[in-house]
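Hello,

Here is the structure I said I would pass on. Please open it first; my notes follow below.

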Amino acid sequence: MKGLYAYIIRRLILLIPVVLGVMLITFILMHSIPGNPVAYLGGSGKLPPEAVEKLVKIYGLDQPLFIQFFLYLANLFQGNLGTSISVNPGANITDLIVTAFPHTVELTIYSAIIMILVGIPAGVISAKKRNSLTDNVTRVGALIGVSMPVFWLGIMLQIIFGVVFPIFPILWAGIHEPAVKVTGIYLIDGFISLDFRTIVDSIMHYALPAIALGALSLSIVTRMVRSSMLEVLGEDYIRTARAKGCSENATIYRHALRNSLIPATTVIGLQIGGLLGGAVLTETVFAIPGIGRLITDAIMRSDYPLVMAGVLFIAIIYILSNLVVDVLYAYLDPRIRY
Amino acid sequence: MADDDRAVKNKGLDSEVFHIGVTDLSSGVVERTRMRRFLDFLSRLKNPLTIIGIVIVIGLILAAVLAPFIAPYNPIKIDLTSKNLPPSLDHLFGTDGFGRDIFSRILYGAQISLFVGIVSVLGAVVVGVPLGIFSAYRGGYIDTLIMRIMDIMLAFPSIILAIAIAMVIGAGMHAVTIAILVVSVPIYARIARGSALAVMQETYIEAARAIGAPGVRIIFKHIFPNILAPILVEMTLDIGSAVLSLAGLSFLGLGAPPPYTYDWGRMISDYFSYQAVTRYWWQLTFPGLAIVFCVLGWNLLGDGLRDAMDPKLRLKLSKAAKKIIKDLKQKQHALKRSFKSNKKVEVVN
């Protein structure tokens, strides 16, 4: 256990250069944007020259680039991501992201639940009945799943389950507000304030976006579980289990599944990070006011600071989720020395 | 000069026998087994899913090339008399809000998707593979530096980094292509580095170094051809994901500018509205199906190539090839004996 803590600390230290590198990339991208930064800081060139000069001073734009980078870093570490220029002019970007993030988290939670609850059993059954009809259907389904654009699947679900069979609402808006708002995540707030209507509303409104977003990851997890299960089923200890007279189910669920889930953990963890990227498109289709929607709006209105802040935020969440996966992997697989 | 001296000194070496040996080695057997390997490789592509993939990819290429000749309508000509028509024999996939034929637009759209997909993947290979091989070849701190930069680029979810890059360059086809290209560079650098490290353990690399071949020659002549297989597989799979990324970026409004409004992702983005979802389903369905088919085709082809190139499944040598190798061994044996019997051979340092 002690070794595990040391491993976590070592990984956290190794994270520092990566995070700095990511910040450097967003900084470089920010500065590669054509045109004068003041133009997008203070409204396109309508300012008097004195005001522009002042702005240049305030934002340190007269300093050499590397000093500007340190100013940028200093701002970031104080939680200051800059100011939005056109989506919500003058608003603090950190505030915008903090309000938007719970919606993205909620969507990701639902997608992750679908991915795990459907992906793992599908992979196991597919491997167990190798080359059967079930297996082939699952494999082709997974292949189509990885070939579909997330946003298009969302639109198709809207058409099928929102218009042709009106089961689910087409758009996100209209969830009953819970009495207590602690986390901003409707499902959790609904449980906290014991508001049954919010819980049902949350599930109904997130069902289609979660399926759309989860389909890609679901297919990847299914393929991964299937192949690692097939690999494990060929191991000696499975033959031993069968030889000593274990029932088929006990062999598969007790001996094979546990071992085949170790590599699957990595993929699941990486996919949870990847869901955040896909959320950009899904949130746009379903009009969910999360981080993704924020970024899309910022793209449409050329709000460069907001786009870069959103990109940086998602990248850092992604890095952290990868770290959690690695630690989990080390914890689950005692063969790994840390 | 030194070589001439050696030739003079090795008079004992029977030039004719030597010559036969070398010719057999270089052309005969190698060519014949290569041909066999290729045929064997082709026969392993005969899996139904792979064939579907090949058919789809060929179909797409034909659609893209022949679009001007087979498309029944002009993809950008506005015809307000035939707005929002559902699919019929006249308009196979219906028409859009400007009366443009969706089927024709999809055919033309194949041009954009294939162009961006293939160009961005080729570009990523041209940048990433030499970077990866160079990194493996040089080792040391240069290797660490290059790979750390690649790791940092992989720390972004790819679509997010592509969005940021495309945004900075400014909307347009070149912006999307470059964005997708840059995002896939680290993948190729990593694959190339990994395979190159394995190849560099081989004796022929050591031999090339020993005879003083320059680094560039070793990289391009000896390492590159030997790591081609995994890169080719990755390229095929990557064209599919490049098409997906293009669709996503176009959907966000970062894609092709007018007049290239017939890009598949952009079509969905342009048509997407409450009205279209509730009433004009064909406008949203068919461009998306085109994307799915395109990506699926490249994925199936890539999977098939990977399986076919799997060294675990390499051919067992045919009888003919075995006979050739046996003959060759006998000849080599004879050659050796002629060396031994001829005491005039001197050791050349």
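Confidence in chain B of this predicted model is lowest in helix 1 (residues 2-9), with a mean pLDDT of 47. The chain B mean is 80, and 82% of its residues reach 70 or more. Residues 1-21 are one, with ten contacts beyond near neighbours in sequence. Residues 344-349 are the other, with five such contacts. Where pLDDT is low, the coordinates should not be read in detail. For the complex, the predictor gives an ipTM of 0.85 and a pTM of 0.82.

Next, the interface. In chain B, 38 residues are in contact with 44 residues of chain A. The two chains bury about 3,500 Å² between them, 86% of it on carbon and sulfur atoms. On the chain B side, B:Met167, B:Val168 and B:Leu252 lose the most area, together 18% of what that side buries. There is one salt bridge between the chains. A:Arg223 pairs with B:Asp303 in a salt bridge, the closest N and O atoms being 3.0 Å apart. Helix 13 of chain B supplies the largest share of the side that touches chain A, twelve residues.

Now the cores. The largest nonpolar core has 162 residues. A:Ile155, B:Ile223, B:Trp264 and B:Leu284 touch the most other members. Helix 4 of chain B gives this core its largest share, 15 residues. Beyond four places in sequence, the contacts of A:Ile155 include A:Val285, B:Phe251 and B:Leu284. A second, separate core has 16 residues, among them A:Ile120 and A:Ile252.

Best wishes

Terms used. Residues numbered from 1 in each chain as written. Chains lettered and ligands numbered in written order. Predicted model: local features only at pLDDT ≥ 70, side-chain atom pairs only at ≥ 80, totals over all residues. Heavy atoms only, no water. pLDDT = per-residue confidence, 0-100. Helix = DSSP H or I, 4+ residues; strand = E, 2+ residues; numbered from the N terminus. Contact = heavy atoms within 4.5 Å. Core = buried A, V, L, I, M, F, W, Y, C linked by side-chain atoms within 4.5 Å. Buried < 20%, exposed > 50% of the residue type's maximum accessible area, 1.4 Å probe, protein only. Buried area = accessible area lost by both parts, 1.4 Å probe. Salt bridge = Lys/Arg side-chain N within 4 Å of Asp/Glu carboxyl O.
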